Amino acid sequence: MHVLFVNPDVRDKSVIYGNRMLNPVPVNLGYRAAMTAAEHQVTVVDENATPITDFAAFADVDLVAVTSKFFGERRTAELAHGFGELGTPVVIDGYFPSYAPEAEQIGASSIIRGEVEQVWPQVLEDAVRGRLRPCYLGGPVDLATLPQYGPEHLPPHDYVFPVEATRGCPFSCNFCIETRFHHEVFRTRPIDRVLAQIEARTGDFVQFSDINIVGNPRYARTLFTELEPLRVLWGSQATITIAQRESLAQAAGRAGCMLVFIGLESVRPENLISSDKSWSRPTDYRKLIARLHDAGIGVIGSFVFGFAGDTPDVFERTLEFVVENEIEICHFNPLGSGPGVPLYQEHQREGRMIDPGPDGPSHLRASVAPVAMTVGQLVDGLEYLYTTTYSRAVTRQRLRRYVGADPLPGPQSAAKKRAVIGLNLAYRQAVERLYGSPVGAGRSAAARDLEQRP
């Protein structure tokens, strides 16, 4: 049997998802490809690098497996339809089929709800027999049981190799689908298995797929100690708690952490309180970001706009925060929510859910109506932040530490500098593609003032 695994194309949904340096293939495709390859032929396609334009080119495929994570709904439906016309069964997994009732109507042969690895052997067996069930229920898998995968189980990737050390998150923010999808159970993978997976990498950089690599600080500290001799550069998601313990931040820096993706969410403390995230305090951000910088770790800061208390001045305030704290990479997203999270029910009760348009939800269009500003002000504010933040002048402000001769703390200072500067160039190009004009056009007087600061 020939099995095709697909990561659907979501490049038009977000600046980050169009950036291959930060968008590696989901690790569950690697695990399943390794499980499957022992008995069957396997092909893995990342449409964000190589979109499928001719379904007939895959006429020899016997089973298609699509992982539909953030914003993959529309493309997943197109894939189900395209392969369905060839008579090829399609199995889909991920957030969309796990929580959205309409997933059952898009034409897939089968859907998998929850984590997929535990039930994948049964799916394969049923597919061989031609008896796929309409629905499979996955459960929280023991990470120690997952196989190692190698480059042969992944599509070619120019920049990063995906690795997983932990799964889930001990926190339960009301907007986050990740902790619900992972059954609200935080798990760790045996460190020797993590190191072996890293040794199988291609390329210079590792991207941990973890939602919160410091969810268990004791495990994280041990992992960082074991990583240090490898002198590999890596990035991961984490909560701001990585910097609340200075020794933990320093250990991550020595271990080669180059960038850490942190959901800072907002410069307004009340927004985090309303999100069940009061343990993350904007009043502490300046000190904690400086602590990460002192450890040689760059910050990918993710901000959300459209909370009930957000007024139009929040965009200027956020820009000032970004520049003053020299945040290396910035994401600016409209507040959104979907089935599976408590915030979705709240927005439905309040009547704030709005149609994001024919292309569906994304990080670029509003799907939740703000309260203290118009939808137009929200969308314009996002464009303003992206085009100003990634202008050449403001980028120079943010990346002061990367253009001087002084080395950054931690290993491979020169490589870290090149990677962060290269990422900013890639983001600038993505922003120009999205908004159709050179970044920096139409900036406010406040933004021009920031650019003129030494």
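**Exercise 1. In which hand, left-handed or right-handed, does H6 pass H7 in their crossing?**

Before we start: this is a predicted model, in which local features need pLDDT of at least 70, side-chain atom pairs count only at pLDDT 80 or more, and totals for chains, interfaces and linings use all residues. Residues are numbered from 1 along each chain as its sequence is written, and side-chain values use heavy atoms, with hydrogens and water left out.

*Solution.*
- Step 1: Find helix H6 at residues 191-199 and helix H7 at residues 217-227. Helices are DSSP runs (H or I, at least four residues), numbered from the N terminus.
- Step 2: Their axes are 11 Å apart and the packing angle is about 40°. Axes are lines fitted to C-alpha atoms over the stretch in contact, and angles run from 0 to 180 degrees between N-to-C directions.
- Step 3: That angle makes H6 oblique to H7. Here under 35 degrees is roughly parallel, over 145 roughly antiparallel, 65 to 115 roughly perpendicular, and the rest oblique.
- Step 4: The crossing of H6 past H7 is right-handed, meaning that the near helix is turned clockwise from the far one by less than a right angle.
- Step 5: H6 brings Ile191, Val194, Leu195 and Ile198 to the contact, and H7 brings Tyr219, Thr222, Leu223, Glu226 and Leu227. Contact means heavy atoms within 4.5 Å.

**Exercise 2. Describe how H12 packs with H14.**

*Solution.*
- Step 1: Helix H12 covers residues 314-324 and helix H14 residues 375-389; the angle is about 20° and the axes lie 10 Å apart.
- Step 2: H12 and H14 are therefore roughly parallel to each other.
- Step 3: Their crossing is right-handed.
- Step 4: On the H12 side we find Phe315, Glu316, Leu319 and Val322, which meet H14 residues including Leu378, Leu382 and Leu385.

**Exercise 3. Count the disulfides, then check Cys257 and Cys330.**

*Solution.*
- Step 1: With a disulfide taken as a pair of cysteine sulfur atoms within 2.5 Å, the count comes to zero.
- Step 2: Cys257 is in no disulfide, since its nearest cysteine sulfur, that of Cys169, is 16 Å away. Cys257 is buried at 0% relative accessible area (buried is under 20%, exposed over 50%, partly exposed in between; 1.4 Å probe, protein chains only).
- Step 3: Cys330 is in no disulfide either; the nearest cysteine sulfur belongs to Cys257, 17 Å away. Cys330 is buried, also at 0%.

**Exercise 4. Is Arg418 buried or exposed?**

*Solution.*
- Step 1: Look for Arg418 in helix H17, residues 413-435.
- Step 2: Its relative accessibility is 59%, so Arg418 counts as exposed.

Definitions and conventions. Helices (H or I, at least four residues) and strands (E, at least two) are DSSP runs, numbered from the N terminus.
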